[in-house]
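Try each task yourself before you read the solution.

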Amino acid sequence: MDELRRGPALKRLGCEFHYFAEIDSTNTYARQLAEAGAREGEIVIAEAQTQGRGRLGRRWQSPPFANLYFSVILRPQLAPMQAPQITLTAAVALAETVASFIAQPVTIKWPNDILVDGRKLAGILTEASCDSNKVNFVILGIGVNLNYRVATMPEEIRAHATSMAELTGSSIHRESFLRRLIQGLDRCYGELDEFGFAGLAPRWEAHFGLRDKRVRVELLDQIVTGRALGIDEDGALLIEDDRGTRQRVLAGDVIPVES
Ligand code: BTN
């Protein structure tokens, strides 16, 4: 972890690192720490996860010593309905960090996928604990495929996933990547805390791959098809549906469809 202490001092994140060679899920452990009163900025990081979790109950492939798997405990001053801003803020930091390593365009697939060449490179899983009017804590979990080779990925993700090593043709120094990412997260989270999401929104939109594209969103009880417009100040996805009505989508899977 000494590598992480190099460069500009971290203001909000990284007050303590909990390091594991193997864990079930860094998000699960971080939640236990948060429930026991852990401070904002504590980070749980593991070399491998046996029960790595993705959104919507999916599994996150977490083989040892190849990639990054970590979770940050945050205690933001946000109302519960603003909690999705944490995911979007993390996506800005993640997209900008990846873009600082590669020449290819980096896109964000709302709300939390980082894609390059249409393949998934990284994902964010935020899990919040809220009271009726305040957020108690948010667990920000991030997985980045760094030195994972497509040839060794399980069949089910091979056609849709990529890694930094695949994109650059060489292996990535994990601590250097992690340091840059945590510094970016620290800055972006500080901006969110001090100035709100408005200043970060244009940076999120700069990486939004689906603006003006036709999309289908699968919600719990309905499917919305229409044109993706962008996000609002709370981080909801705005869609103009096929009847011309503007819809706010707070959660769901967004899939591009042929026009
Ligand atoms: C997704 O794209 O569906 C989100 C993937 C999030 C994976 C990370 S890896 C570290 C943290 N621990 C987990 O169990 N999941 C997140």
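**Exercise 1.** In which loop does Ser62 lie? Find it, then list what its side chain reaches.

*Solution.* A quick note before we start: this is a predicted model, so local features need pLDDT of at least 70 and side-chain atom pairs count only at pLDDT 80 or more, while totals for chains, interfaces and linings use all residues. Residues are numbered from 1 along each chain as its sequence is written, and side-chain values use heavy atoms, with hydrogens and water left out.

Step 1: Ser62 is in the loop between strand 2 (43-46) and strand 3 (68-74). Strands here are DSSP runs of E with at least two residues, helices are runs of H or I with at least four, and both are numbered from the N terminus.

Step 2: Check its cover. Ser62 counts as buried because its relative accessibility is 8%. The scale is: buried under 20% relative accessible area, exposed over 50%, partly exposed in between, using a 1.4 Å probe and protein chains only.

Step 3: Look for polar partners. The Ser62 side chain has a polar contact with the Gln49 side chain at 3.0 Å, and it also reaches the backbone oxygen of Trp60 at 2.8 Å. A polar contact is a pair of N or O atoms within 3.5 Å; within protein, one must be able to donate a hydrogen and the other to accept it, and residues adjacent in sequence count only if both atoms are side-chain atoms.

Step 4: Not counting residues up to four places away in sequence, Ser62 touches Ala48, Gln49, Gly52 and Tyr69. Contact means heavy atoms within 4.5 Å.

**Exercise 2.** Which residues come nearest to the ligand? Describe its surroundings.

*Solution.* Step 1: There are 21 residues around the ligand, and Ser25, Gln49, Arg53, Arg55 and Lys120 come nearest. To be near, a residue needs a heavy atom within 4 Å of the molecule.

Step 1: Pick out the polar pairs. A side-chain N or O atom of Ser25 is 2.7 Å from a ligand oxygen. Gln49, the side-chain partner of Ser62, puts a polar side-chain atom 2.9 Å from a ligand nitrogen. For Lys120, a polar side-chain atom is 2.5 Å from a ligand oxygen.

Step 2: Check how covered the ligand is. On its own it exposes 420 Å², and the protein buries 98% of that. These areas come from the Shrake-Rupley method with a 1.4 Å probe; for residues, only the protein chains shown count as cover.

Step 3: Ask which elements supply the shell. Helix 1 (26-35), strand 3, strand 6 (119-130) and strand 7 (135-144) each give two or more residues. Strand 6 provides the largest share, four residues.

**Exercise 3.** Where is the place of Asn27, and is this residue buried or exposed?

*Solution.* Step 1: Asn27 is in helix 1.

Step 1: With 4% relative accessibility, Asn27 counts as buried.

Step 2: Its side chain makes a polar contact with the side chain of Glu127, at 3.0 Å.

Step 3: Setting aside neighbours within four places in sequence, Asn27 is in contact with residues including Arg53, Ser71, Leu125 and Ile139.

**Exercise 4.** Inspect the backbone: what is the phi of Leu56, and which peptide bond is cis?

*Solution.* Step 1: Leu56 has a positive phi of about 55°, although it is not a glycine. It sits in the loop between strand 2 and strand 3, and it counts as exposed because its relative accessibility is 54%.

Step 1: Phe65 lies in the loop between strand 2 and strand 3. Its phi is near 55°, a positive value in a residue other than glycine. At 56% relative accessibility, Phe65 counts as exposed.

Step 2: The bond from Trp110 to Pro111 is cis, with omega near -5°. Pro111 is found in the loop between strand 4 (106-109) and strand 5 (113-116).

**Exercise 5.** Which residues is Leu229 in contact with, leaving aside its neighbours within four places in sequence?

*Solution.* Step 1: Leu229 is in strand 9 (residues 223-231), and at 18% relative accessibility it counts as buried.

Step 1: Its contacts are Arg211, Leu238, Ile239, Glu240 and Arg246, leaving aside neighbours within four places in sequence.

Step 2: Take one of these, Arg246: the C-alpha atoms of Leu229 and Arg246 are separated by 9.1 Å, with the residues 17 apart along the chain.
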